[in-house]
Amino acid sequence: MSDNTNVTRTNQTSNVTRTVQKENMPRAALAPAVDIAEGASGITLFADMPGVSKERLTIQVEGDNLTIEGQAQVDVPENIELLHSEVRSPYFRRSFTLSRDLDPAKIEATLRNGVLQLHIPKSEEARPKRIDVKVA
Amino acid sequence: MIAFAPGIDPKEIEITVDRGLLSLSGERRSDPSQGQQGGQTNTYAQERFTGRFRRVISLPEDADPGKVEAKFRDGVLHVTVAKKESSKPRQISVS
């Protein structure tokens, strides 16, 4: 008898931990395809995030970590029955580590036709400088 | 029909209907602002697709090729093909 109660109790606790884990776990996310290029002024990042509107997009910088995430929303008319489905409304998320040479305070973001463009300028100290040689 | 087409100018998408086949085609060019920064540019990642694409879908028999509508928003293309009037369910009243 006591064994039985023990078993049920452990089952219950494991159930509880499982639900807690589920809540804490990040949502299943799709990593958007990106292009990253570095120029003299900084880094430009392009990410494909179709179906994500400006309101549902978040860009966060925490320390040297940059995270972009957004929920794509595909409006399907109500009275329609799906015959074939390849695209659902994915949740996009991707994180990047920023170099210390970059200035995260001056990130510029634009969203156009489902493509997010981020420009992360280099901090003043990290920019290539040309030093004029004075002729004495 | 809904298709993801991020970064494509809506004017560059070609939608044609021919004998029950709906075809979508277009080209995605690399962003003009890319590589425009002057000087040397180092590319760290290039995962996004560039080039021409084409997708052909056969339409059901009751689709009306004369009534195709297309919308584009946030990189998502919505194409609506209406059903033919004759194939819509009708109620026939008994006189």
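The questions and answers below concern a strand sheet and the salt bridges of a predicted model. Residues are numbered from 1 along each chain as its sequence is written, and chains are lettered from A in the order in which they are written. Local features need pLDDT of at least 70, side-chain atom pairs count only at pLDDT 80 or more, totals for chains, interfaces and linings use all residues, and side-chain values use heavy atoms, with hydrogens and water left out.

Q: In what order do the three strands of the open sheet in chain B stand?
A: Strands are DSSP runs (E, at least two residues) numbered from the N terminus, and two of them pair if DSSP finds at least two bridges between them. Strand 2 (14–18) and strand 5 (51–58) of chain B each have a single partner strand, so one side of each is left without a neighbour in the sheet. With antiparallel pairing, the order is 2-3-5.

Q: Over how many bridges do strand 3 and strand 5 of chain B pair?
A: Strand 3 of chain B spans residues 21–28, and its B:Glu27 stands opposite B:Arg52 in strand 5. The two strands pair in the antiparallel sense, and the number of bridges is eight.

Q: Which residue forms a salt bridge with B:Arg52?
A: A salt bridge is a side-chain nitrogen of Lys or Arg within 4 Å of a carboxyl oxygen of Asp or Glu, and here the closest N and O atoms are 3.6 Å apart. B:Arg52 lies in strand 5 of chain B and its partner in strand 3, so the pair ties together parts that are 25 residues apart in sequence. The partner is B:Glu27.

Q: Is B:Arg52 buried or exposed?
A: Buried means under 20% relative accessible area, exposed over 50%, and partly exposed in between (1.4 Å probe, protein chains only). B:Glu27 has 26% and is partly exposed. B:Arg52 has a relative accessible area of 56%, and is therefore exposed.

Q: How far apart are the closest N and O atoms of B:Arg48 and A:Asp48?
A: B:Arg48 lies in the loop between strand 4 (42–46) and strand 5 of chain B and A:Asp48 in strand 2 of chain A, so the pair joins two chains. B:Arg48 counts as buried at 9% relative accessibility, and A:Asp48 is buried at 11%. The distance in this salt bridge is 2.7 Å.

Q: Which residues are linked with A:Asp48 in a network of salt bridges?
A: B:Arg28, buried with a relative accessible area of 5%, forms a salt bridge with A:Asp48 at 3.0 Å between the closest N and O atoms. B:Arg48 also forms a salt bridge with A:Asp48. The residues linked with A:Asp48 in the network are A:Asp35, B:Arg28 and B:Arg48.

Notes:
Helix = DSSP H or I, 4+ residues; strand = E, 2+ residues; numbered from the N terminus.
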